[in-house]
Amino acid sequence: MTAFDVTLSDIEAARDRIAGRVRRTPAYESGDISARLGRRSAVKMEALQLAGSFKVRGVFNKVLTLSDDERRRGLVTVSGGNHAIAVARVAGTLGLDALVLMPKTAARFNIDLTTKFGARVELCDDAAQAFAKAEDYQRQGRLFVHPYDDPAIIAGHGTLGLEFLDDIPDLTHVFVSIGGGGFMSGVAAALKARRPSLTVYGVEPTGAPTMTEALRADQPVTIRPTSLSRTLAAPFATHRTMAAARLLLKEILLVEDPPVVADVSWLLQTEKLLCEPAAACVLTAAEMVVPSLPDDSVIGLVLCGSNLSLDDLDAWRRPSL
């Protein structure tokens, strides 16, 4: 069984390495969310991060650990969304060549942002094919920047957890979304290392239960996601991220798409923040379990990204005929 191999010192080193490259996003207590959940509640506004999500934290940390020779080889990665956008943004900032393999189901909004930041995009039939092609490009000499199964990526993401506890030190229960598990792994590792008594919940859509299925099978399982939360549509978890889930999570909560879409609208109306479904799902999940938590709990919601087309939101909210 693979052990989880990212430590607090790795995350602290990443924080120093990427300082000044990414935004230190705000975290604050929300009166409206506290009233809705019936417990003191705070949000980490990572939806305000550069390139629209937490992903630049991990990508900057990874690329800044590479040698000059490795950087000159050019980057290749697989992503249908936020990781693609982040790799393009980081590569553009540092003057590197980047190729992004995206499934044909990727949102046009995400494809356009990726090319806008300077990466080249190659569309594939699905994510599984994209990963296979990435291995081919790696054999040809490019450096593969895995979207979630990489200790440097995970450590970079963990810097968010350090910031959240610095700003809201009495957090007791934190909700984090799961795609392939790299984000959850880093954030949960930072939170639990700094405050072992803190409870972390993972959140997945019922249409993209990547980690849930992997843990049930006790091994990575390839799935075909159907959820509207496309940035959580990783085709498989990995032994590393599964180890993190076993070690760090209280449980994984599954949420349906319709209430998540409603919470995208609610957060926009109430908090004045546009969140993608992958972020809003943590509010949906928290409402499921918070009534069972102690009255003095302090709830933390990580709102991880904002790369959402308003056209998509309008379509999701429109009743089907």
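Modeller: A helix axis is here a line fitted to C-alpha atoms over the stretch in contact, and angles run from 0 to 180 degrees between N-to-C directions. The model is a predicted one. With that in hand, take helix α5, residues 82-94, and helix α6, residues 108-116: their axes lie 8 Å apart, at an angle of about 15 degrees. Angles under 35 degrees count as roughly parallel, and α5 and α6 are therefore roughly parallel to each other. The crossing of α5 past α6 is left-handed. On the α5 side the contact is made by A84, I85 and A88, which meet N110, L113 and T114 of α6. By residue class, this contact of α5 with α6 holds four nonpolar and two polar residues, and no charged ones.

Helix α1 (residues 8-18) and helix α8 (residues 151-167) form another packed pair, with axes 8 Å apart and an angle of about 90 degrees. Since 65 to 115 degrees counts as roughly perpendicular, α1 and α8 are therefore roughly perpendicular to each other. From α1, the residues L8, D10, I11, E12, A14, R15 and I18 take part, and they meet A155, G156, G158, T159 and L162 in α8. The contact of α1 with α8 divides into six nonpolar, three polar and three charged residues.

Now the sheet. Four strands form an open sheet in the order β5-β4-β3-β6, and the pairing is parallel. The edges are taken by β5 (120-124) and β6 (143-144); each has a single partner strand, so one side of each is left without a neighbour in the sheet. Strand β3, residues 75-78, runs parallel to β6 and is joined to it by two bridges. For L75, the bridge partner in β6 is L143.

D218 is not a glycine, yet its phi is near 60 degrees. D218 sits in the loop between α10 (210-217) and α11 (239-248). Its relative accessibility is 48%, so D218 counts as partly exposed; the exposed class requires over 50%. K272, also not a glycine, has a positive phi of about 60 degrees. K272 lies in the loop between α12 (257-270) and α13 (277-289). With a relative accessible area of 62%, K272 is exposed.

Key: Residues are numbered from 1 along each chain as its sequence is written. This is a predicted model: local features need pLDDT of at least 70, side-chain atom pairs count only at pLDDT 80 or more; totals for chains, interfaces and linings use all residues. Side-chain values use heavy atoms; hydrogens and water are left out. Buried means under 20% relative accessible area, exposed over 50%, partly exposed in between (1.4 Å probe, protein chains only). Two strands pair if DSSP finds at least two bridges between them. Angles under 35 degrees count as roughly parallel, over 145 as roughly antiparallel, 65 to 115 as roughly perpendicular and the rest as oblique. A crossing is left-handed if the near helix is turned anticlockwise from the far one by less than a right angle, and right-handed if clockwise. Contact means heavy atoms within 4.5 Å. Ala, Val, Leu, Ile, Met, Phe, Trp, Tyr, Cys and Pro count as nonpolar, Asp, Glu, Lys and Arg as charged, and the others, Gly among them, as polar.
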